[in-house]
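Look over the sequence and the model first.

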Amino acid sequence: MTEKLFLENSYLKEFQAIVTNVQDKYIILDKTLFYPKSGGQANDTGTLTRINDNKEFQVVFVAKINDDVSHEINEAGLNIRDKVIGRINWERRYKLMKLHTAAHILDAVFQEDGEVLITGNELNEDKGRIDFNLKDFSKEKVQDYIDKANEIIKKDLEVKNYYLKKEDAMKIPGIVKLAKAAPPNLPELRITEISTLDIQADAGTHVKSLKEIGKIILLGIENKGKDRKRVYFDVV
């Protein structure tokens, strides 16, 4: 099982690891900082450098496979037991962290109009998008939500990540925000909490305080159907 360092500290940029499995260009390490594409959040990219000869490999895609994390590199050449230094593309990671935390703020603001669930989401380096089952949907209304979210950002609330036993976590109303999603089949759930604003089960990467986000800007909206009102946004 790959030790997932990104769950403990999303601000780390470099780590050392040992290759435990190789399938051509697909590498599994004993530990990693590389976030795999999951939960709508794009994967990290970066490099793996073999320590004994400084040969550098580009990490172009990262995916979760059961309890392991698979790193796709640009060329074959790494072997089992090779020691490597991993370096993530920090600019990309940090942008995704800001987008992810911003998405949680937007979700909390949308909740003001009743029980609103996320029906889809995607966070990429260039922008984020969230699908909601909103009833009142117009560009003006969504801009009002964005404005409220930006006022919340100015409060610079603390963002915390911690673990709760699943049975305790499931007692918290709205702990699972994604529509039709079942909670992970784990004894403990990782929780992301924005102080006084939002709390939900989450395994992504986030900033520590809201001021790091900057400002949320609305890029556009789309009506994709009854339960899919799509909002595109960015942070600057």
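## The second largest pocket

The second largest pocket has a lining of 14 residues. Leu7, Glu8, Asn9, Asn161 and Arg190 are the ones nearest its centre. The model is a predicted one. The volume of this pocket is about 200 Å³.

Which strand gives the largest share of the lining? Strand β11, residues 159-165, does, with four residues. By class, seven of the lining residues are nonpolar. Four are polar and three are charged.

## Helix α1

Helix α1 covers residues 90-110. Its 21 residues should span 30 Å at 1.5 Å a residue. The C-alpha atoms at its ends are 30 Å apart, so expectation and model agree.

Is α1 mostly covered or mostly open? The helix is mostly covered, with 18 of its 21 residues buried. Its N-terminal end carries a cap from asparagine 89. A side-chain oxygen of asparagine 89 lies 3.3 Å from the backbone nitrogen of glutamate 91.

## The chain as a whole

The protein chain holds three helices and 15 strands. Its radius of gyration is 19 Å, close to the 18 Å from the globule rule for 236 residues, so the chain is as compact as a globular protein of that length.

The C-alpha trace spans about 60 × 40 × 35 Å along its principal axes. Of the 236 residues in the chain, 46% are buried.

## Two strand residues

Valine 69 sits in strand β7, residues 68-73. Its relative accessibility is 0%, and because buried means under 20%, valine 69 counts as buried. Leucine 29 is 40 residues away from valine 69 along the chain. The C-alpha atoms of the two are separated by 7.4 Å.

Glutamate 122 belongs to strand β9, residues 118-123. Its relative accessible area is 29%, so this residue is partly exposed. What separates the C-alpha atoms of glutamate 122 and glutamine 41? The distance is 5.9 Å, for residues 81 apart along the chain.

## Loop residues with positive phi

Asparagine 66 is not a glycine, yet its phi is positive, at about 55°. This asparagine lies in the loop between β6, residues 56-65, and β7. Exposed means over 50% relative accessible area. Asparagine 66 has 68% relative accessibility and therefore counts as exposed.

Aspartate 156 also has a positive phi of about 55°, and aspartate 156 is not a glycine. Its loop runs between α2, residues 139-154, and β11. Is aspartate 156 exposed or partly exposed? Its relative accessibility is 31%, so it counts as partly exposed.

## Lysine 224

Lysine 224 is in the loop between β14, residues 216-223, and β15, residues 229-235. With a relative accessibility of 37%, lysine 224 counts as partly exposed. Glycine 39 is 185 residues away along the chain. The C-alpha atoms of lysine 224 and glycine 39 are separated by 20 Å.

Definitions and conventions. Residues numbered from 1 in each chain as written. Predicted model: local features only at pLDDT ≥ 70, side-chain atom pairs only at ≥ 80, totals over all residues. Heavy atoms only, no water. 1 Å grid on protein atoms, 1.4 Å probe; cavity = no way out; pocket = protein on both sides within 12 Å on 5 of 7 lines; lining within 4 Å. Points joined across faces, edges and corners; volume = space filled by probe spheres on them. Nonpolar A, V, L, I, M, F, W, Y, C, P; charged D, E, K, R; others polar. Expected span 1.5 Å × (residues − 1). Buried < 20%, exposed > 50% of the residue type's maximum accessible area, 1.4 Å probe, protein only. Polar contact = N/O pair within 3.5 Å; in protein donor to acceptor, adjacent residues only side chain to side chain. Rg over C-alpha atoms; globule rule 2.2 N^0.38 Å.
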